[in-house]
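Subject: Handover of the model

Hello,

Below is the structure you are taking over. My notes on what was found in it follow.

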Amino acid sequence: MIATLQVQEPTDKPPDSSEVAHLQGVSKHFGEVRALHNVDFSVRPGELVALLGPNGAGKTTAVKLFLGLARPTAGKVRILGGNPVQSEVRMRIGAMMQVAKVPETLRVREHIDLFSSYYSKPLLLEETLIIAGLLEIKDRIFGELSGGQKQRLLFALAVCGDPDLLILDEPTVGLDVEARRLLWEQIRKLVSRGKTVLLTTHYLEEADSLADRVVVINHGEIIAEGTPAEIKSKITGRRIRCLTRLDISTLRSLPGVLDVQKDRDQFEIRVTEAEPVLRELLRRDSAVSGIEVTSAGLEEAFLALTQNNNGDSMPSGRN
Amino acid sequence: MTTASTMLMPTAVARPLSQTLTIYWKEVKCEFLTRLRLRAYSLATIGFPVMFYVLFGLVLNSKDAAIGSTHFATYLIATYGTFGVMGASLFGTAGGLAAERGLGWLQVKRASPMPPFAYFAAKVAMSVIFSAIVVLLLFTLGVTLGGVHLSPAETIKLLGTLVLGSLPFCALGLAIGYFAGPNSAVAIINLIYLPLSFCSGLWVPLTFLPNLLQKFAHVLPPYHLSQLALGIVGGGQHESNWIHWEVLIGFTLICLGVARIGFQRDEGKMYG
């Protein structure tokens, strides 16, 4: 079944093939609160972009702007070559939003059937059920579903219209590891079918494992942008621990060193890339010992980045 | 700073008519199933008027009991019918709307290409269907157990009037749904519904109420619907039907206006 789905032809390319969705100098204020400030970013066809940021960073606001559920205070929103409030544009978008309560007394298939009817060329009910992994429980009442199954139904409502662009707001929030991986698998399949996906997440791991491109946002501003590898190296760098007779100021002067701290008799050196620093270290002190290279913990590094969005030591990925 | 781009209101999609009709049909069907299975709604909206009718209209009934010239059990079909229609309409529209608006579901639907009007139309249609169910149940009970005699013409007129009479209360429900929070909606509906029913003479015939209340009833929309219904079975205050219709139509328009303000306020929050 799944194999036949994968060989389906990719959907038509949008007319403006250089970008599917674009926020151009967009600001959004809610009264005094500045949810987004002068944000510029775009999503290109066939791409999976992750908008990464902690809670309250402005991710959901960006999603609402893309979906025409909010109007920018300043700037322009373009999506699929049009305006997000036009119904013909909405026809080509599938959205998964954070919702506190879904009507609980409808069956899974009834929910999907209704949403499918909104679109002009929806998938067959069975296809949607397979994609979202709901085939076995299609007759279940929504209120009886587990958290993961509920989330998969919302995912099914996003994909049932066979849209070109999927906008998924925190699709895996509250899911356990296994459910999260299942959903990732399904999202990857959509991209392999030629869909464009924009998702928001506050898990660096999720952005890393899924996205072609990651946009890091905090306090309503984009603070980094790049491939997951670039973001990770920019954000996290490496941590070298060692015993050396070099002094702290010498270590600080080595190229590529971000920060050095003395931890008892050992040094802890934060670097962008480990290898050049290690080479230099060994050249200057052949007696260096106890070398240990670790990557900074992903979540920890991400927190450091976002909590310190004006920090000078922060490498900015912005072009 | 660049100026905000002007947003258009959602434009109609060029859908074939058949597809639009399918959407409306499915929207109504799903709304009906949702509510039917939601026992807090279906049991209460059907159960309360039926229970009241059984207690007051059937248990307290006797062969010669009458209010004015109208047989007791027949009179109460008109008033408890109005009561039932009101409940089905207020809870059917306001309850769902306030919860779905407040807890994010309406937003999910608005992000989809659903025609926005279909959402409201479904709530109203579902309420009208439930109103019809309540009235038909009262008819059945009255005819089988209460000694009620209605000619086919009277039956159709009474059913038609009461079911059509659900529309003003659907309008009121939409207005409440736009201004009540998801948790307070049911309480607010009850605070409006129950006193309004009592003061309009839906529980106890108006003639048993103090003079002041009898006068006050004239400004209450349920009073006018019950008078239209009573007029069909020869009861009530025998005023001109035009007054009743005018009050109900005026009330509907005012409520729709208030609901529209709420709708635009929400859109303003969304788009502003």
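Buried area here is the accessible area, taken with a 1.4 Å probe, that two parts lose on being put together, summed over both. This is a predicted model, in which local features need pLDDT of at least 70, side-chain atom pairs count only at pLDDT 80 or more, and totals for chains, interfaces and linings use all residues. Residues are numbered from 1 along each chain as its sequence is written, chains are lettered from A and ligands numbered from 1 in the order in which they are written, and side-chain values use heavy atoms, with hydrogens and water left out.

The interface

Chain A and chain B bury about 3800 Å² between them, and 62% of that lies on carbon and sulfur atoms. On the chain A side, A:Leu69, A:Arg71 and A:Tyr118 supply 18% of the area buried against chain B, more than any other three residues. Counted by contact (heavy atoms within 4.5 Å), 43 residues of chain A meet 37 residues of chain B.

Two salt bridges cross the interface of chain A and chain B; the term means a side-chain nitrogen of Lys or Arg within 4 Å of a carboxyl oxygen of Asp or Glu. One joins the side chains of A:Asp113 and B:Lys26, at 3.0 Å from N to O. There are also twelve residue pairs in polar contact between chain A and chain B, both residues being at pLDDT 80 or more. A polar contact is a pair of N or O atoms within 3.5 Å; within protein, one must be able to donate a hydrogen and the other to accept it, and residues adjacent in sequence count only if both atoms are side-chain atoms.

Which elements of chain A supply at least two residues each to the side that touches chain B? They are strand 1 (21–30), strand 4 (74–79), helix 3 (87–90), helix 4 (108–118) and helix 6 (147–159). Helices (H or I, at least four residues) and strands (E, at least two) are DSSP runs, numbered from the N terminus. Helix 4 of chain A gives the most, with seven residues. By class, this side of chain A has 22 nonpolar, eleven polar and ten charged residues. Ala, Val, Leu, Ile, Met, Phe, Trp, Tyr, Cys and Pro count as nonpolar, Asp, Glu, Lys and Arg as charged, and the others, Gly among them, as polar.

Pocket and cavities

Both terms rest on a 1 Å grid over the protein atoms alone: a cavity is a set of points where a 1.4 Å probe fits but cannot get out, a pocket is an open set with protein on both sides within 12 Å along at least five of seven lines, and lining residues have an atom within 4 Å of a point. Grid points are joined across faces, edges and corners, and a volume is the space filled by probe spheres set on the points.

The largest pocket holds about 730 Å³ of space. Of its 34 lining residues, B:Arg35, B:Leu38, B:Ala40, B:Tyr41 and B:Val186 are the closest to its centre. Helix 3 of chain B gives the most to this lining, with nine residues.

There are five cavities of 30 Å³ or more, and the largest cavity has a volume of about 100 Å³. Among the 14 residues lining the largest cavity, those closest to its centre are A:Pro103, B:Glu31, B:Thr34, B:Trp105 and B:Lys109. Helix 1 of chain B gives the most to that lining, with four residues.

Within the chains

Over all chains the count is 24 salt bridges. A:Arg188 forms one with A:Glu185, the closest N and O atoms being 3.2 Å apart. A:Arg188 and A:Glu185 are separated by about one helical turn, because they are three residues apart in helix 7 (residues 177–192) of chain A.

In chain B, B:Ala132 is found in helix 5 (residues 116–145). B:Ala132 touches B:Leu159 and B:Val163, not counting residues up to four places away in sequence.

Regards
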